[in-house]
Amino acid sequence: MSSFLICLLVAVSQAREIIFPAVAAIQGKSGQVPMRLGADPDDDVDLTTDAVGGLPSFAHLPYVPCFAPRTDDEVEKYDIAILGAPFDTATSYRPGARFGPHGIRDGSRRIRGPHSWNVYSGRNRFEEWAKLVDCGDAPLTYVDNTVALKQLVKAHKIVSGRMANNASIATIPRILMLGGDHTITLAALRSTFERWGVVNVIHFDSHIDTWNPRLQGGGVTEYASVNHGTFLHIAHEEGLISNDSSIHAGIRAPLGTHRRDLDNDALCGFEVVTARDIDELGTKGVIEKLKNRVKDGKVYITVDIDVLDPAYAPATGTAEPGGWTTRELLTILDGLVGMKVIGADVVEVAPAYDNKGETTCLAAAEVARSLIGLMVAVPVSNDS
């Protein structure tokens, strides 16, 4: 035996023996205590300790069958509801966003209300006045887009039509939708109009989504004209959104024409902040432009995850290089605090294209958390 091995054995024999206790030394309410040993040997296992297990609701919020055929007295009341919209049959490139609600909920598994204190603001919006719930997904057919969008409008109206939990603060429950391709925003705006009237839109996206389907080379049927690239044009035509106070943010995708697309976009009521504007303006400048455009009006915020660069959100249907970072987007969203946000969505998450680290789903879940924060920060009534 070599002298090295002899020295090693001597060192091991003289090492201090460490005896671990039967239960990890975690005191108090941790959420991670695996055992609670008591006098009863059959009552020593705590089944409430897993921070990421169980059926996935968004951020472990309680599930409520919000659009079930039940009266308000039979359904648990809420102030802000998560609603999944598994729809992707109006895309123009890669499908898969029908699984977006599932992916975003998976991405939110690390989020828990009691542990959501924001390091930047010092606030925990999950622990304030609003009761937050997850309504699950709207039951949408995948064989008929027209019927599916009508189903989503109905589900959205039912969810927002319930009596709010804290009606003395805000009487109308607000909804954060998880998509789903971007066409679902049209359904939300149709429902929102009934509760709130005409609204402003802040549209985070790499594409303008105001294309006029009658000017896209012809031959587009009325059925096919409703899609994720035309929905804002249609919302304008239906009188759902403001004609002079909506705005895009993060735009960078090529246009189909030299000027016509942008001229039509302006007619639809939109101003444009391009992706590269952030290089000159910085996040503070972008926040200022968004706030100045909307001013004190009611606003619907829709976030297409492809506003992020594909390096940060590869799992989307129509990725465009040259986008914002996740940090930049979250900084801008959090900077909109004080706005009257009457509804919001996160869309175009297609988990099949994500990487093993779930980069896109994690980012989308964090975007959703920021949107919840904006809604909680400013209660809105329909007469304000």
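User: How many disulfides does the structure hold?
Analyst: It holds 1 disulfide, where the term covers a pair of cysteine sulfur atoms within 2.5 Å. Before we go on: this is a predicted model, where local features need pLDDT of at least 70, side-chain atom pairs count only at pLDDT 80 or more, and totals for chains, interfaces and linings use all residues. Residues are numbered from 1 along each chain as its sequence is written, and side-chain values use heavy atoms, with hydrogens and water left out.

User: OK, which cysteines does the disulfide join?
Analyst: Cys66 and Cys135, with 2.0 Å from S to S. The pair links distant parts of the chain, 69 residues apart: Cys66 is in the loop between α1 (3–14) and β1 (80–85), while Cys135 is in strand β2 (residues 132–137). Those labels follow DSSP runs, numbered from the N terminus: helices are H or I with at least four residues, strands are E with at least two.

User: And which hand does the link of Cys66 and Cys135 have?
Analyst: Left-handed, with -80° about the S-S bond.

User: Are Cys66 and Cys135 buried or exposed?
Analyst: Both are buried. Buried means under 20% relative accessible area, exposed is over 50%, and partly exposed is in between (1.4 Å probe, protein chains only).

User: What about Cys268 and Cys361, buried or exposed?
Analyst: Cys268 counts as buried because its relative accessibility is 0%. Cys361 is buried too, with a relative accessible area of 3%.

User: Switching topic: how much space lies in the largest pocket?
Analyst: About 570 Å³. On a 1 Å grid over the protein atoms alone, a pocket is an open set of points with protein on both sides within 12 Å along at least five of seven lines, a cavity is a set where a 1.4 Å probe fits but cannot get out, and lining residues have an atom within 4 Å of a point. Grid points are joined across faces, edges and corners, and a volume is the space filled by probe spheres set on the points.

User: Which residues lie nearest the centre of that pocket?
Analyst: Of the 21 lining residues, Asn118, Tyr120, Ser121, Asp334 and Ser370 lie nearest the centre. α9 gives the most to the lining, with 6 residues. Both α8 (326–334) and α9 (359–377) supply at least two.

User: How does that lining split by class?
Analyst: There are 8 nonpolar, 7 polar and 6 charged residues. Here Ala, Val, Leu, Ile, Met, Phe, Trp, Tyr, Cys and Pro count as nonpolar, Asp, Glu, Lys and Arg as charged, and the others, Gly among them, as polar.

User: Why is β8 largely enclosed?
Analyst: Because 8 of the 8 residues of β8 are buried.

User: How do β3 and β8 pair?
Analyst: In the parallel sense, over 3 bridges; two strands pair if DSSP finds at least two bridges between them. Leu176 has Ala344 of β8 as its bridge partner. Strand β7 (residues 298–304) also pairs with β8 in the parallel sense, over 7 bridges.
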